[in-house]
Amino acid sequence: MARYVALICSFCFPSGVQGDSLTILQAPEYVSFQKGDWPISGEKIPDMVALTMGFSVQEDLSWPGLRAGPLFQRPRANVLVVVRGVDSLALPQSVASYPLENPVPFTLDSVAETVHTLFAEDTPVVLQLAPSEERLYMLGKANAVFEDLPVTLQQIRARLSQDGSVLTSLPLNSLSRNAEADLLFLSEVQVLHDITALLQRHRHLAKDHSPDLYSLELSGLEELGRRYGQDSSQYQDATAILANVLQKFGEDLFGLYGDSAVVEVVTVKKFEAPLTRKSRSILESKQISNPGSPYNLAYKYNFEYAVIFNIVLWLMIILALAVIVISYNLWNMDPGYDSIIYRMTNQKIRLD
């Protein structure tokens, strides 16, 4: 039972590299991240994720932080956590950390579409969730696995008062259970906890051969920074809580997938441009023409174009050569010797 799940997380914390950074929390041995201060552009993060999962990209990623791995051994899941509102996180343990330059908004939609295309017959599971925006997109088996996951802020806050709430285990310190910004932050922590709990309940999803991509976008810590300031005790306490929660979240998912998962955390103080997302389904049929474009843009490139072009090209060449060879032999054929029809006719005439 193959499936695919997408989950990108957006948060805010401090880490080992000063400034915006990409931190690799967990990675199997066959996905080799080299330690160093090699910067990576924000727009290249989706390509990096695709390469770790064994997919090809349109342009080569000239970044020495990721080395080529075994062709037939790839991770079964990739979890990308984007932390907004802080440039670094004090994560207890990590594989490697790299500076992030050109922090433009990005999504893993291209990776999600690749997984859906390659594993369409396996009914992939797709989960994209942004609690602060109450945005949820599920596909395939995700509808059954994550049907109990709270989506709206009202549902998540109601979940905080139920059994298994993180309020009973977290050291809130200066955080309040009644303040709006504090509740948003705690709600996002609750979502992380519930996702792990649901996956532990459905362990069979982590044992198939199709890759999973988790995409979760959270911004509670960013809201705390705007409300109280980044020097406030609320912000500092929340940063410490989220760093520990993310560390445990990565370790739990890494263990659920049998040490075959890559977990990354991207910390961004502020994106250089606002992120505008348009709701769309990756099952939506692709347009083959672009008649309504006011800018006279070219048609959308199809990755199967090269394959189809080569099939048609060589088939035409083979057929053309076959026609030439057959025509040449027919033109130079001696009917009396090469044709059985004329040969039989000549014998019949002689007998008569």
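Two strands are taken as paired if DSSP finds at least two bridges between them. Helices (H or I, at least four residues) and strands (E, at least two) are DSSP runs, numbered from the N terminus. The model shown is predicted: local features need pLDDT of at least 70, side-chain atom pairs count only at pLDDT 80 or more, and totals for chains, interfaces and linings use all residues. Residues are numbered from 1 along each chain as its sequence is written, and side-chain values use heavy atoms, with hydrogens and water left out.

View 1. Strand 2 (residues 21-26) is antiparallel to strand 5, with 4 bridges between them. Here Ile24 stands opposite Ala96 in strand 5.

**View 2. The aromatic pair of Trp63 and Tyr98.** The whole structure holds 2 aromatic pairs. Rings of Phe, Tyr and Trp (its six-membered ring) pair if their centres lie within 6.5 Å; planes under 30 degrees apart count as stacked, over 60 as edge-to-face and the rest as tilted. Trp63 and Tyr98 are edge-to-face, at 4.7 Å centre to centre with 75 degrees between the planes. Trp63 belongs to the loop between helix 1 (45-52) and strand 4 (77-84), and Tyr98 to strand 5 (residues 96-101), so the pair ties together parts 35 residues apart in sequence. Both Trp63 and Tyr98 are buried (under 20% relative accessible area, where exposed means over 50% and partly exposed in between; 1.4 Å probe, protein chains only).

**View 3. The aromatic pair of Tyr214 and Tyr257.** The ring centres of Tyr214 and Tyr257 are 6.1 Å apart and their planes meet at 75 degrees, so this pair is edge-to-face. Because Tyr214 lies in strand 8 (residues 212-215) and Tyr257 in the loop between helix 7 (233-256) and strand 9 (261-268), the pair ties together parts that are 43 residues apart in sequence. Tyr214 and Tyr257 are both buried.

**View 4. Helix 7 and the residue Gly258.** The 24 residues of helix 7 should span 34 Å at 1.5 Å a residue, and the end C-alpha atoms are 34 Å apart, which agrees. The expected span is 1.5 Å times one less than the number of residues. Gly258, which follows helix 7, has a positive phi near 60 degrees.

**View 5. Ile317 in helix 8.** Ile317 is located in helix 8 (residues 305-331). Its relative accessibility is 33%, so Ile317 counts as partly exposed.
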